[in-house]
Amino acid sequence: MTGDQKKERNALDRLADGLADDILNASDEEILAEAKEDGIDPAEIADHLREIFERAVTEAGKAKLAAARRGVAEARGSRARVIRIDRADARDSYDAMIAQDPKLTKKLTLAARKGEGQSERDIDSAVEDLAELGAFDEEDDDT
Amino acid sequence: MSEMKPAPLRTPDELACAIQDLSNADWSRLRKVAAAYVRNRAIEPDDLLQEAFLRALDGRRNCPVHVGPTKFFAGAMRSIASSETEKRETRPRLVPIANHGGEETAVDPPDPVPDPEQRAGSAEEVAAMKACLLSLFEGDEIAQVILEGMMEGIEGEELRELTDLDNTTYQSKRRLIRRWIDKEFPRGWTS
């Protein structure tokens with residue numbers, strides 16, 4: 001914006017400020033008399049603007065709710081997911097799954113013969129992975 | 001040395017309660033102030049007021065406890081209208097550009113510094129608005145002096161002295177100017 005343009009723009013801004021000040025400083029009687037002169041019912045203006053205010057309240061409420069939802073979603077995303085499972089039941093389910101896959105069963109049997117079978121730790125790890133994938137009945141805990 | 005403490009603020013709920021207590025005259029004031037600030041701008045008085053309410057309710061603008069809600073919302077509208085003007089000046093425009101085989105209209109991306117064409121257009125718009133306002137008081141030299149004085153930022157006693165009017169007549173003239181502009185531009189000024 002050039003200096004001249006800013007000066008001109010400010011000229012209108014200053015006028016608007018002056019008019020707004022006069023409106024704010026006018027007495028209630030003057031303001032109500034002006035409405036009457038203009039054939040406007042001040043109660044109708046008040047009702048109309050109250051509606052606008054209520055719309056703003058609704059909009060602000062919606063925005064607040066959306067922000068709260070985002071916050072909860074973010075908090076959930078950053079929290080560790082703890083899954084409780086019954087270790088013995090999970091192990092049984094794991095064995096049953098393995099048994100359903102003949103190829104895998106054969107491979108595991110061969111590996112065991114060669115002394116390369118799954119350790120308890122391997123099995124626990126596989127059970128945990130399957131639990132995370134939702135393979136077992138589980139009970140969520142958000143703590 | 002005394003320490004400057006920030007003024008205590010109303011919470012959005014306190015402000016909402018204060019709004020519920022506004023009188024009919026206060027609501028009319030707010031509507032008039034909205035119309036004063038929407039001149040030549042791409043926003044309606046009601047939208048300007050709603051935006052001011054929204055910013056107060058969502059905490060983007062805070063009302064000090066010692067400021068009345070009517071005055072506070074007048075200030076909020078002033079600020080919103082001012083940023084609308086800035087946005088308007090850097091808004092992208094659809095302009096035909098040389099193209100090879102595609103659509104002939106494209107968005108001219110906004111430039112933070114208005115180009116000479118924009119500057120000229122904007123300056124013309126403002127000059128037209130000023131001329132339009134002054135022409136409303138053709139033949140009333142005193143009203144024109146007051147109007148020009150207000151646009152120049154001359155206020156109060158200084159401006160009254162320029163007109164040689166006594167205080168009552170001066171206030172009455174100012175009111176006449178405001179009322180005339182009100183009637184001519186009930187939804188904000190446009191040139």
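Conventions come before the details. Residues are numbered from 1 along each chain as its sequence is written, while chains are lettered from A and ligands numbered from 1 in the order in which they are written. As the model is predicted, local features need pLDDT of at least 70 and side-chain atom pairs count only at pLDDT 80 or more, whereas totals for chains, interfaces and linings use all residues.

I start with chain B. Its secondary structure comes to eight helices and two strands, where helices (H or I, at least four residues) and strands (E, at least two) are DSSP runs, numbered from the N terminus. The order from the N terminus is α-α-α-α-β-β-α-α-α-α. Of the 191 residues in chain B, 30% are buried; buried means 20 or more other C-beta atoms within 10 Å of the residue's own, exposed means 12 or fewer, partly exposed is in between, and C-beta atoms are placed from the backbone.

Next, the core. A nonpolar core is a set of buried Ala, Val, Leu, Ile, Met, Phe, Trp, Tyr and Cys residues joined through C-beta atoms within 7 Å. The largest one has 53 residues, and Tyr37(B), Leu48(B) and Met77(B) have the most contacts inside it. H2(B) gives the largest share of this core, eight residues. Two residues are in contact if their C-beta atoms, placed from the backbone, lie within 7 Å. Setting aside neighbours within four places in sequence, Leu48(B) is in contact with residues including Tyr37(B), Ile43(B), Met77(B) and Ile80(B).

Now the contact between the chains. It takes 43 residues from chain B and 35 residues from chain A.

Last, helix H2 of chain A, residues 28–37. Which of its residues are buried? They are Ile31(A), Glu34(A) and Ala35(A). These cover an arc of only 100° around the axis, so they sit on the same side of H2(A); the arc is that of the directions from the helix axis to the C-beta atoms. What covers them includes helix H3 (42–78) of chain A together with H2 and H8 of chain B. The face turned away from the buried side carries the exposed residues Glu29(A), Lys36(A) and Glu37(A). Just after H2(A), Gly39(A) takes a positive phi of about 70°.
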